[in-house]
Amino acid sequence: MKIKSIETVKLNLPPRNGPTAEPRRPSWAASAEVANPMSKFPKYKRHRSSWMPPWGAVWVKATAEDGTWGIGQTAFGRPVAAIIDDHFAPMLVGESCFAVEKIWDMMFRMSKPYGSLGLTACAMSGVDLAIWDLIGKLKGQPVYELLGGPVRDKLFAYATGNDTDWQMELGFKAVKLACPHGPADGLWGLQENEKLVAQTRERVGDEVEIMLDCYMAFDVDYTIRLAERLRPYRLKWIEEYLIPEDIDGHQQVRQAVNWVSLASGEHLYTRFPFKQMIEKRCLDILQPDINWVGGITECVKICHMADAAGLTVIFHGGGGNQHGLHLSAAMPNTPWVEYFVGSPPGVPLNETKAVAGESVPEESWIRPNDGPGFGLHLEEEWLTPFWD
């Protein structure tokens, strides 16, 4: 079976029916300050939305000769859609629907004149995920079966977000905090970060794991100082503390900090920087984003490299979509998934899902659906050309 077309599309979901719960209060994400790479500039310090580009989601539709179609998703709007529609799609028409390794390698190599990382890796992800979904539909199997079958029948899900009381009510047994302050806030910021972690430990007790997400906001010195202050609170890991390109800095932190696990990787693209991180023993936990790093095909390679080195992989946002759930269910070293909770407290998680076939955690456990493909119940009439 050959590929008939690949195209970027927008997803236009019908209005949601049925009653919805009243929020108890606004979500933490509505107003909380979160440390970020632009925190050194006062104008852009408080919210990422003040400097992030206004690019939305990109959906990718891959159609086979018999009319069967698969759907994938990535991000960063028009630049990514242009790479797919202008370059990748015309080159991939006529290739076998099942040739995932060839298709990935073609995209990687044809993008060399303008680079295969960043936006290009996101474009590769969207196409790759659409192809895997298509294969699952052609074979009538879920993606986790295509990958060799499930290693586990359920996945431990941790909650990301700072509404910790609501997350405890939802039954989560592990929580990850968004760190509010970075080097620009000096000693006061260190104290406030410690206060947040201390209050969280007091709230959740000793039976719940706590992690800290630093979103590329720190330098080496600040990371080491904060890690030292947080030793008494027994964090499971500290995450994405440096800009991802600073591999030497990651080595310095690793050499200085040996009492807490170190995690990163959501802004690394393709397997090659992960290979460097593994070889230099910079990290304990690798966190590729399946929708950005290169899709299923590349994530499988990252998982195998990490497994050979005795490292864990926990996909960025991997519990919030079927892409991450199917892959996490099938890999040997992916025991946890991240579930971002940005909705207001009081609104049940199942009311935050707009697409039938999505999963929500219960008491910190979650399962992928049973396909076929990624098992999302989308109607073709909901898809319109991206450029309309």
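This is a predicted model: local features need pLDDT of at least 70, side-chain atom pairs count only at pLDDT 80 or more; totals for chains, interfaces and linings use all residues.

Me: Is Met-1 buried, partly exposed or exposed?

Reply: Partly exposed means a relative accessible area between the 20% limit for buried and the 50% limit for exposed. Met-1 has a relative accessible area of 40% and is therefore partly exposed.

Me: Which residues does Met-1 touch, not counting residues up to four places away in sequence?

Reply: Met-1 touches Ala-64, Glu-65, Asp-66, Glu-95, Ser-96, Cys-97, Phe-98 and Leu-138. Leu-138 is 137 residues from Met-1 along the chain, yet the two C-alpha atoms are separated by 9.1 Å.

Me: How should I read the nonpolar interior?

Reply: In soluble globular proteins, nonpolar side chains tend to be buried together. Here the largest nonpolar core has 102 residues, and those with the most contacts inside it are Ile-6, Phe-88 and Ile-296. Helix 3, residues 119-139, supplies the largest share of this core, with 11 residues. Apart from it lies another core, of 10 residues, including Val-355, Leu-378, Trp-382 and Leu-383.

Me: What does Ile-6 touch, not counting residues up to four places away in sequence?

Reply: The partners of Ile-6, with that exclusion, are Val-60, Lys-61, Ala-62, Ile-84, Asp-85, Ala-89, Leu-92, Val-127 and Ile-131.

Me: How do I read the buried residues of a helix?

Reply: An α-helix has 3.6 residues a turn, so residues three or four places apart point the same way. In helix 2, residues 100-110, the buried residues are Val-100, Ile-103, Trp-104, Met-107, Phe-108 and Met-110. These buried residues pack against strand 1 (3-11), helix 1 (77-92), helix 3, helix 9 (271-279) and helix 10 (295-308).

Me: How is the packing of two helices described?

Reply: Two packed helices are described by the angle between their axes and the distance between the axes. Helix 6 (residues 186-204) and helix 7 (residues 220-229) pack at an angle of about 40 degrees, and their axes are 10 Å apart. The two helices are therefore oblique to each other, and helix 6 passes helix 7 in a right-handed crossing.

Me: Which residues of helix 6 and helix 7 meet?

Reply: Gly-186, Leu-187, Gly-189, Leu-190, Gln-191, Asn-193 and Glu-194 in helix 6 meet Tyr-222, Arg-225, Leu-226 and Arg-229 in helix 7. By class, this contact has four nonpolar, four polar and three charged residues.

Me: At roughly what angle do helix 9 and helix 10 cross?

Reply: Their axes cross at roughly 10 degrees and come within 10 Å. Angles under 35 degrees count as roughly parallel, so helix 9 is roughly parallel to helix 10. Arg-271, Phe-274, Lys-275 and Ile-278 in helix 9 meet Glu-298, Lys-301, Ile-302, Met-305 and Ala-306 in helix 10. The residues of this contact divide into five nonpolar, no polar and four charged.

Me: Where is Ser-31 found?

Reply: Ser-31 is in the loop between strand 1 and strand 2 (58-64). At 44% relative accessibility, Ser-31 counts as partly exposed. Not counting residues up to four places away in sequence, Ser-31 touches Arg-46 and His-47.

Me: What should I look for in the backbone?

Reply: Most residues other than glycine have a negative phi, and most peptide bonds are trans. In this model, the peptide bond from Gly-371 to Pro-372 is cis, with omega near 0 degrees. Pro-372 lies in the loop between strand 12 (365-366) and strand 13 (383-385). Arg-234, which is not a glycine, has a positive phi near 55 degrees; Arg-234 is in the loop between helix 7 and strand 7 (237-239). Glu-363 also is not a glycine and has a positive phi of about 50 degrees. Glu-363 is found in the loop between strand 11 (336-340) and strand 12, and is partly exposed, with a relative accessible area of 47%.

Definitions and conventions: Residues are numbered from 1 along each chain as its sequence is written. Side-chain values use heavy atoms; hydrogens and water are left out. A nonpolar core is a set of buried Ala, Val, Leu, Ile, Met, Phe, Trp, Tyr and Cys residues joined through side-chain atoms within 4.5 Å. Buried means under 20% relative accessible area, exposed over 50%, partly exposed in between (1.4 Å probe, protein chains only). Helices (H or I, at least four residues) and strands (E, at least two) are DSSP runs, numbered from the N terminus. Contact means heavy atoms within 4.5 Å. Axes are lines fitted to C-alpha atoms, for helices over the stretch in contact, and angles run from 0 to 180 degrees between N-to-C directions. Angles under 35 degrees count as roughly parallel, over 145 as roughly antiparallel, 65 to 115 as roughly perpendicular and the rest as oblique. A crossing is left-handed if the near helix is turned anticlockwise from the far one by less than a right angle, and right-handed if clockwise. Ala, Val, Leu, Ile, Met, Phe, Trp, Tyr, Cys and Pro count as nonpolar, Asp, Glu, Lys and Arg as charged, and the others, Gly among them, as polar.
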